[in-house]
Amino acid sequence: MKVLVAVKRVIDYNVRVRVKPDASGVDLNAVKMSMNPFDEIALEEAVRMKEAGTAKEVVVVSCGVSQCQETLRTALAIGADRAILIETDVELQPLAVAKLLKAVVDREAPELIILGKQAIDDDCNQTGQMLASLADLPQATFASKIEIDNGEACVTREIDGGMETLKLVLPAVITTDLRLNQPRYASLPNIMKAKKKPLDVLTPGDLDVDISPRLKTLAVTEPAGRKAGVIVPDVATLIEKLKNEARVI
Ligand code: AMP
């Protein structure tokens, strides 16, 4: 089985995000960038499948600026066999990424495609679903358990108020939730070995995909600051305030 994993380069989750003074977006200048955490989980799952003998090859793909190569090298150090960068400086929205991934799926014909459930920069939660639709493949989103057997994937999904189990015929698209696994770190020897693994660079033009943005960002603003709290002298005052001043949400 060939597994394709989509990895996005995003602002590291520890960074305190700054909005640009002209409200045109988020300031990416001199900011630490990392692999989207849900994509680390997707990659970990694919690498475990390879270690278990369920998968033969793990291919990672990223779409974006040339620096995404760093993210792909990390993925290769974690255990992917091969990487593909679809390089562009154009701002990519989920539909454009889904179209690019669809073109890669057509070329590579993977049996399984794993994405994160969402990217922590745009929080869109759209790309996996759009890809499944464009490629006309079954999909299971928010996976917390995946079992592959006999050309089928049995996926436990996290849904409001419980779990749902779906059986999908492969090829299929799966997106990962937080509880699927605990991703590993790349070891130093593997980081060195990853430098020699193949990384192909393509452009959206090579794949004949139109990536022009369909949405226009009007303004990006900081959330309103929270008002300072009040220290109450005793429990009776607290209860009185809760009864009379608490807002009904
Ligand atoms: P989103 O729909 O933007 O929340 O992203 C969901 C998932 O799609 C991510 O976790 C990635 O697996 C994949 N994805 C989104 N954008 C990219 C990108 N530029 N390159 C590679 N994968 C991406």
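1. In this predicted model, a backbone N or O atom of Gln 126 lies 2.8 Å from an oxygen atom of the ligand. The backbone takes part elsewhere too: a polar backbone atom of Gly 116 is 3.0 Å from an oxygen atom of the ligand, while a polar backbone atom of Cys 63 is 2.8 Å from a nitrogen atom of the ligand.

2. On its own the ligand has 480 Å² of accessible area, and the protein covers 98% of that area.

3. The ligand is surrounded by 18 residues, the closest being Asp 39, Cys 63, Ala 119, Asn 125 and Thr 127. Sorted by class, this shell holds 8 nonpolar, 7 polar and 3 charged residues.

4. A separate point for the reader is the second largest pocket, which has a volume of about 700 Å³. Its lining is made up of 27 residues, and those that lie nearest the centre of the pocket are Tyr 13, Ser 34, Met 35, Glu 40 and Tyr 185.

5. As to where this lining comes from, strand E2 (9–11), strand E3 (33–35), helix H1 (37–51) and helix H2 (68–78) each supply at least two residues to the second largest pocket. The residues of the lining divide into 14 nonpolar, 7 polar and 6 charged.

How values were computed
Residues numbered from 1 in each chain as written. Predicted model: local features only at pLDDT ≥ 70, side-chain atom pairs only at ≥ 80, totals over all residues. Heavy atoms only, no water. 1 Å grid on protein atoms, 1.4 Å probe; cavity = no way out; pocket = protein on both sides within 12 Å on 5 of 7 lines; lining within 4 Å. Points joined across faces, edges and corners; volume = space filled by probe spheres on them. Helix = DSSP H or I, 4+ residues; strand = E, 2+ residues; numbered from the N terminus. Nonpolar A, V, L, I, M, F, W, Y, C, P; charged D, E, K, R; others polar. Near = heavy atom within 4 Å. Polar contact = N/O pair within 3.5 Å; in protein donor to acceptor, adjacent residues only side chain to side chain. Areas by Shrake-Rupley, 256 points an atom, 1.4 Å probe, with all protein chains shown as cover.
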